[in-house]
Structures are given as structure tokens and as C-alpha cells.
Amino acid sequence: MTSPIPSPPAVPFLGHVTKLDRDLPIKSFDLLAQQYGEIYQLSIFGNKSVFISSRDLVNEVSDEKRFKKKVSAGLKEVRNAAGDGLFTAYGPEEPNWGIAHRLLMPCFGTANVNNMFDDMMDVISQLVLKWERFGAREMIDPAADFTRLTLDAICLCAMSYRLNSFYRDEPHQFATAMTDFLIESGLRANRLTLVQAMMPGTNAKYEEDQRIMGELVSDILEEHRAHPPAKPDLVQVMLTGRDKETGLGLTDTNIKQNLLTFLIAGHETTSGMLTFTLYFLLKNPEAMRKLREEVDTKLGDRPMGVHDVNKFPYLLAVMRESLRLGPTAPIRTVTPVEDTVLGGKYPVEKDVTIIVGIYTAHKDPKVWGEDADKFRPERMLDGKFKALPPNAWQPFGYGMRGCIGRPFAWQEAQMALVTIIQRFDLVMHDPTYELELKQTLTIKPHNFYIHAHPRKDKPRLLAIPSSTLLTSNPAPEQASSGATVSGDAASLHPLYVLYGSNTGNSEAFAQRLASAAASHGFRASLGTLDSATSHLPKDGPVLIVTASFEGQPADNAKHFVEWLENVKDNAFSGIKYAVFGCGNKDWVNTYQRIPTLIDRLLGEHGATRLVDRGQGDAAAAEFFETFDMWEKTVWEKLGLEFGTTSKTGTDGLEIKTVSAGTERAEILRQKDAALGTVVENKVLTAPGAPVKRHIEFDLPKGMTYRAGDYLAILPVNPDQVVRRAIVRLGLSAEQEIEINSVGPTSLPVKKPISIYNLLSGYVELQQPATTRDLEVLLSAKNSATSTQALKDLSSDYSEKVFKKRLSVLDVLEENKDIEVSLSTFLEMLPSMRIRQYSISSSPLWNPERVSLTLSVVDAPALSGRDEPFLGVASTFLAGLRPGDKVQLAVRASNAAFHPPSDLSTPLVMICAGSGLAPMRGFLQERAMQKLAGRDVAKSLLFFGCRSPREDLLYGDSDMKEWRELGIVDIRPAFSRSSTDSENCRYVQDRIRHDKELVAKAFDEGAKFYVCGAGKIAAGVKQAIVDYIKERKPTDEVQAVAIFDQIMEGRYATDIFE
């Protein structure tokens, strides 16, 4: 019995045009597959296409007796230039395809490709020389340089022609014309003929691009006729060869079309593959380490030779895994040779277009498991690759229309990667970068930048911000090289400050150390931990400030930690170091894991510990005080070790007035590409209840997300708080200043900025004052009364300052006779931190829009001040209006905190208040899949709030709709109206009440998700542990052990305060 192929709702005449991303259709295809399953059908202006995305269906359409290649609409447009070349020919029905295929196939045999080794290495050496000369501080666009590499390689190796792309400031005009031609070909494929005719400028550019491409291939052909190369190449074969089957050769026209085919297909896919591979290696430090060890072990310092090709098993696994997750040719197109049935139930008529979604099929969980999205080269090792089901891995096309140049690309990619790994240590320009795609005929990473540190060089640190949102320069071309020191800098001792930071806390502490270094007799260099991988400095003390994130290193410390865990012997002999760790004790099992690990491993491998490791608990009252005490101990120890003396006062910043404020400088801290747009901002709660809001943003172009991810926001301080500071300092909001710093700083230096913009966007004005801040204020000019007040605060810091959240500004306002300069005030303040909020939507609802569900902090000040305490980020977000622009970025969440791809797996979601955010995204995703006709398991939602009349978020809208749809059973707990929730006040109470439901869901394979404050997570765990003790009499310790065992891989938490 047959079944209709699923299809989304369509718009009359247009069909499903609105369902597709114009610039990145592959993203739309992938999302539609997540929603509708392994097969669906779209209609574009009346043209129907079937899309398949499972290994089973890909395997079925790879039967060349039933299906044949179909030239897609986009490729038909490419035929305008490439004609019936190998890639764009309709097939054997075009005689030139058979002649060219038979003539050229032997050119790509193993022996012939090996003979191209020297020419390939010639071009690779040009890339290496460029990167070495530019050095570690230069921001490199690997996609652009790999395009130069592969284009020059195919020209030199196959056509004996040098493009010399590495000797040009701009890409070769052929490369630019080709890229524009391919993009326009794809766009023309989806335009109506009438619309195309009304675009004369676009049409003229399209013709000019074809002329430029044709000019190059004509030059290559004429050069060969005039000066035949010493050794035969591809062009000579096409000029002189005769097909044994027909006795015919190729015409000049077809030779040019095939030359153009090789120039397009022979470089674009390989450059994309190399870029994807670098991305995956840099996101997975363990894989990078294993590959470097393989290269170093097999080659040492000698250059790679032709006999080394295919002798690097781990490299081959890396390449195969990279092509699995990033197949540069993400789709292919076939059509049935006669009416047929797909998957045993879906009828497909003869000649209907079938889009084979390789990009999605390569992540089929039936083949690759639930971790199919994870880069894991080991799945390609030890015979596993050969044991894969047929056609599970298909990045090079299939059958007689598969990629003829695969051996060429495979050798070239090996050579390039081995040489780069051997010669450079690589780091990402933006450690938080998540994969963005650019699509023409192929796909490749977009906006992906790196730094290449020559391995033969001395250590050079890179102070890359923990997030591009924290970058003060709108368009940085280079990473900071560390401190700039004035005066007698040469006489100061070198000191290195390294940090691992995602949100900016550890980075802020590190900057504080670096800024203070000059006053203690040291010349500081500031850098990320990753920038010190494999070359930890030995000519000065090393201070490390880092954090753990769910037990894992920060994004800019992953490679350092991976390296550190695998060093041998006394590799760090001669290094003197100290470590301070930031953390949160709510994460009981992973608290301080990374700082502890770094401190232990450095000591075990020969380094000398200067002082005991510092531990800062962000949830504790003494967080800042702990760092202050550790820092003081460090400077005292360094003074004894190196014979330096400390100068009192904080003179690290020099500030001069630029104008009195008659002109306003508009300071932009991020380019427009990172700006999202507010679409909607509404209150979800009843009047009088603590405010919770629903806010929607249109994402910047190219930015994507998954249900469960975070949205990082860079806020500004509340206006009234900024104006309080300006008044207390006796300044004008419009006054402009210029800042110069003797050390690294997150403040905007050497540029005019208004006082208002500076205090609004660059510093935290409401963070509790630290004990160090109180010492600074005590050293300032004070009255006896103020001095006593400050001593009183210092004597009971925890109770009188931290617990009351008394800020530096609060202290100054209460003690008006304390005299401090703007520079001293700024040096006491932490830099503005980004805030992360769980996204409360799913890309299946709208891939270009996200929603947040958040609490607005507006409460009486704990300090006792009349003005309420306003949360920085929530106040900023609450004040946004539709159309406002906001600096934001998507951040990936814990890998476990996403809904499973298996829709038969129930979800048990437990949350309170705005902790509902990610759960709403999960349910929205399941709802979209249910509406698409797929079977979805019913989930359980335990939700805590005050009462059904005050803050039952989305209770009358989404939650009601999804409950009626049958995808969720909602179990509320009302803290102020428990009679409406089975007398359960909190979610842990409701879990105890509904324990049998929870047990049933567990038995059905459910995955558990908890989002909320630490006490909620602890209460939920305790409720389940109590149930374990009830069902299987045992003590607390054993019950907790059972919980940990049975919940492994099935229990994910997202804790916030």
C-alpha cells in the first residue's frame, strides 16, 4: 500500500518558495528533513521535487538501473559556460561526455596523480611562506587561502599554467568571476524568466563573468599550442588524445568547457574540504593533538614525500569524518528511469527530480548513532569505515557520474594538511565561533578566521577576547599582542598572564593582573591559554586564571588542556606559575575541575608552583575577596622571587579630555553583521507579579541555532545608574575623553568617547565592591568619617558589602568626601560581561528568528538604598522596542542539552519560572514535527511558578495548544496556590506526587532535562533519589550512586542564578 509523500503547506502559484533560505537553501532542506522526516516534497513555481535524507533512501536511489543523474536547475545555468563538460553534461546521451570521460579517467590514476606531487608541494609551499611571513598576529581567512591553493594547484598540475594567486593582493579575477557566476547561476535557477529579463545590470555582469572565465581557458589552450609542456598534462591529453571506442577527439569548444569544469569543480570542493577540516580540528582539541602526534611521529622535521601519501591513518579518518559532517557537494540530483516506489511506499513518477540530501543523510542516527552531529574520527578507524552500510558515506557523488578527480583532491588535501600541521600551531580568531555556511554549488565555512603560529618561533601570546561581542574595535584585523608599556619598560621583568574564559569573568581578572603588573615591576603579556599551547613561556612567571564549564575548559583553553594532559616527563621544568580558578559550587561534581587539573599537571611535569591555587566560588560572598587575597599573595611572592618593588596607587590608565561635550561621538563596538533586530517584546505575567517577558529577535544573516542553545547578549547599564555615576564623579554626560593604558584593557583606547557611552557600555557599575576596591578607596583622599566607614565595611566584608551587593558607586555616594579620579574609578570596575539566556524557540518554527523568555530583575536594593536594584541585562532587554538593534550571538549549549533526534524518546522536563525557556523550544520543535505528520512521543513537563492566575507562562497559548496536540502532559506546581496543583508547592513536590508517571517515562527510555536555580536541580535530584530508596531499600550514598548510574547519558541540567 502506497502513501503520499509529506509536503509542507504551500502558497498558491509560489508553492514552497517561502520555505527556502535564498542564500543558504541547504539549511532549509536540513530543517525540513528534521521536521518531515526522511522524505518530503516541495513545489517551486509548479516544479515538483522530492527530497530524501536517510541512508536507506540514498542507498536505494544509488541503483543506476532504476535512477540516473539529473542535471539540476542550477547546473543547467552553469551549462551557459561549461556546456557539456564532464560535470554539467546530461549524461551518456551527449557523446562528448563519453569521449572526455574515457580519455581523462586514466589521467587521475594513482601513478599519474603521484607524478603531480612536486607541483602540488610547490603551491603548498607558497601558502606556508605567506602564513609564516604574516605571523601569529595576522587574522587569516583559510577559505580564501585554500581557494588560492587549490585553484593554483589544479592549474599547475593539470594545465602547466601558473596563476600565482599568492603573489596578488586580491584574488585572481578568474576566481572572483567564477564565484559570482556560480552564485548567480543558483539564483537564476529560481527566477521567473520574466523577472530575469528585467534585470539588465545583473545579466550584463553574468555575461562579463563568463567572458573572464572563457578568456583564461583560451589563454591556457593557446599557451599549450604555442609551447607544449615538457611533460604531458590534462590539456595535452585533450588536444591529442583519441577515444578508443569512437576514434574521435574533443573539439576546441569542448576542451575549453572541460578546462572550465576542472577549474570550477577541481578546486572549489577541495578548498571547502580543507576549511571544514581545520574548523573541526580546532573545535576538537583531542583530534588535533592525535593528528599532530601522528604527523610528528611519522615525519619529524623532514618534509612530506610522495611515498608518505595514504600513510597517515588518523589523518585519513579525520578527512573522512570532515567530509561526512561537511560534504562540500551537499546534494546530488537523480530521477527515476521509470515510475517507481521509494522506501516501499512512496510513489515517484518517471523524470521527477529527486534531491539526494547527502548533507543530512551523513548524519542519519540509524547509521552514525545519537552522536551523529559530533566530530569523531575514530568512527572511521580500525575497519569501521569499510564496514559501513553501502552508500552511508557519499561525498564524491556516485557511480559513473561520481567525481573523476577524487584521487587528485585526496592527495592534495593530505599534503596540505600534513604540511600545515607540521609547520603551525593554529587557533581560532573567535574561540566561540560556531559553524556558519556559505553556499554556491558547494558549501564551505563562512566568517571563519584563524591565527597560524609558526612552530619554530618563540612563544607569542594572543589576547583574543573570549567573545567577539566584547571586542571594542569594530573591525579588528589583528589580535592584540599583549601589553603596551611606556617609560622604562625594558627594565621590567617579563610576566605572562593567561586566561580561559567564555563569559569574560576570568578574562576580566586576568586583565586586572596584567594592568597592575607595571606597578609591581613586571612587563605583562596577556593571552588566551590556547595561544600558549605547545610553547608555555619560561622567561618569566606565568599567571593563569581560568574556569570550568560543566567540567570542560573554556572555548579558548580547550587545546591547551588537551596538550597539557598529554605531555611527558618534566616538560615544564624551569616554569614558575600560579593558578586561580573561577567556578560555581552549584556544579558539585565539576567544581574547579579545570583549574585543579592545570595546577596539578604543571606541578607534576616539573613546573614550580609560586603560590597555592586560588579558588573563587561565584555563588559565594567571598568570591571577589578570594581573588583579592590571592592576587596580593602573588605580588608579594613575585617581589621576593624577582626582587621587585611595588608602587602604590592605580595609575594604569591615562585619561585626557578631548572636548567639553559639545559633540557626541557615536561609538560602535561591533560591526552591523552581529546586530539582531527586535521583533516583539511583551509581558507574559499578570499585573503585580514579578515580570517575565517574551522577546523575539531576527538573527543576523547567516547565524543559526538549535533548540537548547543560548543567546549571548551584550547589554548596557541602566540609564539611571549611569547618570548616578556621572553626577558622583562631577562630570558631564556629553564630555569626551581619550584613554591610554600601560597594559591590556577592555576599555576603548586611543579614540574619543563620551563619558556616557563609556560608563554605559564598557564597565559593570553594580558589581559588589571587592576588598581590593575598599583598600584603593582607603588610600584615596578621605575624611576621618569616610576612613572609619571604609574600615567598618572591610571588617565585615561578607555581611556589609557582598551580601548587600554594595557597589563602588554605592560606597562613593554614601561617602561623598572620598576623592577619586575617573581613571581610579574605572580601574576598580570589572569590564562589561556578556549575559547568556536560553533560547525558548526552535529553528523548525523559524530558522531566522529566536525568542527569549526571561525574568526582569527590578527589586528593592539589598543595600537599603531608596532606588530599586535593576538587573543590567534584563533591564536593558525589557526596554527594547521592535526595530531596535542588539549585539548578540548564538552560543552552543551542553551537547546533552538538546532534544534527541529519535522522536519516540519521551522528554521529562523540569523547570521553574524562566527556566521554562529551553523546554518551550523543545516542545515547539516536537509540535512542528507532530504537525508535519510524524509520530512524536508524549513528554512530561513539570513547571513551577506562583499561581495559574499570575505567571503560568504561555498557559493560554502555546502550552494549551501543545497539550491539546497530545505532545505534552503538563504537571504544574504553584508555590502560592498549591491547592491548584495537588497541594504541591514546588516541582520536586510534584515529582514526588507523580512519581509513578516519572518511573513509567524512565522505563520508556525518556531523557530528563532540568533548568533552573541550583536549589531546584538539587531538590529534583533528591526527589528522584528518595524514590529510588523507596523502591529499593538502601541508604543515601547507594541511592545517589544508583541515580548516577541509571541516569548516565539521560539526565542533563542547565543551572543559573
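Guide: Start with a definition: the expected span of a helix is 1.5 Å times one less than its number of residues. Helices (H or I, at least four residues) and strands (E, at least two) are DSSP runs, numbered from the N terminus.

Visitor: What kind of model is it, and how do you count residues?

Guide: It is a predicted model, in which local features need pLDDT of at least 70, side-chain atom pairs count only at pLDDT 80 or more, and totals for chains, interfaces and linings use all residues. Residues are numbered from 1 along each chain as its sequence is written, and side-chain values use heavy atoms, with hydrogens and water left out.

Visitor: What span should helix α10 have at 1.5 Å a residue?

Guide: The 27 residues of α10 (residues 200-226) should span 39 Å, and the end C-alpha atoms are 38 Å apart, which agrees.

Visitor: α12, then. What does Glu268 pair with?

Guide: Glu268 forms a salt bridge with Lys444, with the closest N and O atoms 3.8 Å apart. The pair links distant parts of the chain, as Glu268 is in helix α12 and Lys444 in strand β10 (residues 443-445), 176 residues apart. A salt bridge here is a side-chain nitrogen of Lys or Arg within 4 Å of a carboxyl oxygen of Asp or Glu.

Visitor: Is Glu268 buried or exposed?

Guide: Glu268 counts as buried at 8% relative accessibility. Lys444 is buried as well, with a relative accessible area of 10%.

Visitor: How many salt bridges in the whole structure?

Guide: A search finds 68.

Visitor: Which residues does Glu641 bridge to?

Guide: One is Lys576, with the closest N and O atoms 2.8 Å apart. That pair links distant parts of the chain: Glu641 is in helix α21 (residues 623-642) and Lys576 in strand β16 (residues 576-583), 65 residues apart. Another is Lys637, at 3.6 Å between the closest N and O atoms. Glu641 and Lys637 are separated by about one helical turn, because they are 4 residues apart in α21.

Visitor: And how exposed is Glu641?

Guide: Glu641 is partly exposed, with a relative accessible area of 34%. Lys576 is partly exposed at 29%, and Lys637 is partly exposed with a relative accessible area of 29%.

Visitor: Switching topic. Which residues of α22 are buried?

Guide: In α22 (residues 719-729), the buried residues are Val721, Val722, Arg724, Ala725, Ile726, Arg728 and Leu729. Their cover includes α23 (755-761), α27 (808-814) and α28 (822-828).

Visitor: What follows α22?

Guide: Gly730 does, and its phi is positive, near 70°.

Visitor: Last one: what does the domain assignment give?

Guide: The bounds come from an automatic or database domain assignment. The assignment gives domain 1 (80-167 + 216-325 + 373-454), domain 2 (493-642), domain 3 (662-835) and domain 4 (895-1055). Taken over C-alpha atoms, the centres of domain 1 and domain 4 are separated by 49 Å.

Definitions and conventions: Buried < 20%, exposed > 50% of the residue type's maximum accessible area, 1.4 Å probe, protein only. Contact = heavy atoms within 4.5 Å.
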